[in-house]
Amino acid sequence: MIGFEYPAHPHQRRHGPAGYKDYGSFRDWLRDEFMFRCVYCLHREQWYSRSGTFHIDHFVPVSADPQGALQYTNLLYACTTCNEAKADILGLPDPCSVPFQECIEIEAAGRATAKNVVGQRLCDVLRLNSAANLAFRSRMIRILEALLRSGEVALYQELMGFPAELPDLRTKRIPRNDKPEGAAKCYFALRERGELPATY
Ligand SMILES: [Zn+2]
């Protein structure tokens, strides 16, 4: 469904920052890594006006594995609603190993439909069909469709494109980077080279 297409393939991490002493320092890496949207519900930074709407999610909660607190491969980018619903619950699929498109689908009316047991777990734990989530999703779909119908390309691109404020990961000072080649392909660098797609 427009605006809510789950990835067809498991996410392959492009960045590998390491050695930070606090997990907040990974934020810009994760924003770029996961395209400025929640890995679970696909809500985008561009759809919100305030900072702080997105959290850093510990895929395996720190309560279950304190070692993973500062491990980049254990960190995901998620909206506050999903992050708070997930809390310390274990057993959700990892978007870096499971293609979410095979598990879950958003229907035209905004409802999240599970395609298998893994998708059902996502729906249940994250309450993807709560009244608030359904209302928001349905409204976004109707807005995006109306913009396309009426040819309001600029506003459509604003909602479905990248945020204006992109982090330039090439300039980040980090203790260690296990994938140094990734920063050259950050979205800031793509925009500089004129290679940033208008929408995604
Ligand atoms: Zn979310």
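At what angle do helix α4 (residues 131–150) and helix α5 (residues 153–160) pack, and how many Å apart are their axes? In this predicted model, the two helices pack at an angle of about 145 degrees, with their axes 8 Å apart, and their crossing is left-handed.

**Contact of α4 with α5**
- From α4, the residues Leu 144, Leu 147 and Leu 148 meet Leu 155, Tyr 156, Leu 159 and Met 160 of α5.
- By residue class, this contact of α4 with α5 divides into seven nonpolar residues, with no polar and no charged ones.

**Helix α4**
- With 20 residues, α4 reaches 28 Å from its first C-alpha to its last, which is close to the 28 Å expected at 1.5 Å a residue.
- Asn 133, Arg 137 and Met 140 are buried in α4, and they lie on the same side of the helix because they cover an arc of only 65 degrees around its axis.
- An α-helix has 3.6 residues a turn, so residues three or four places apart point the same way.
- The face of α4 turned away from its buried side carries exposed residues, among them Ala 131, Ala 135, Arg 139 and Arg 149, while the cover over the buried residues of α4 includes β4.
- The helix α4 is followed by Gly 151, which has a positive phi, near 75 degrees.

**Helix α3**
- In α3 (residues 117–126), the buried residues include Gly 119, Leu 122 and Leu 126; seen down the axis of α3, its buried residues fall within an arc of 55 degrees, and therefore they line one face of the helix.
- Arg 127, which comes just after α3, takes a positive phi of about 50 degrees.

- Leaving aside residues up to four places away in sequence, Thr 113 touches Ile 104, Glu 105 and Glu 107.
- Thr 113 and Ile 143 are 30 residues apart in sequence, and their C-alpha atoms are 21 Å apart in space.

Key. Residues numbered from 1 in each chain as written. Predicted model: local features only at pLDDT ≥ 70, side-chain atom pairs only at ≥ 80, totals over all residues. Axes fitted to C-alpha atoms, helices over the stretch in contact; angles between N-to-C directions. Helix = DSSP H or I, 4+ residues; strand = E, 2+ residues; numbered from the N terminus. Left-handed = near helix turned anticlockwise from the far one by under 90°. Contact = placed C-beta atoms within 7 Å. Nonpolar A, V, L, I, M, F, W, Y, C, P; charged D, E, K, R; others polar. Buried ≥ 20, exposed ≤ 12 C-beta atoms within 10 Å, placed from the backbone. Arc of directions from axis to C-beta. Expected span 1.5 Å × (residues − 1).
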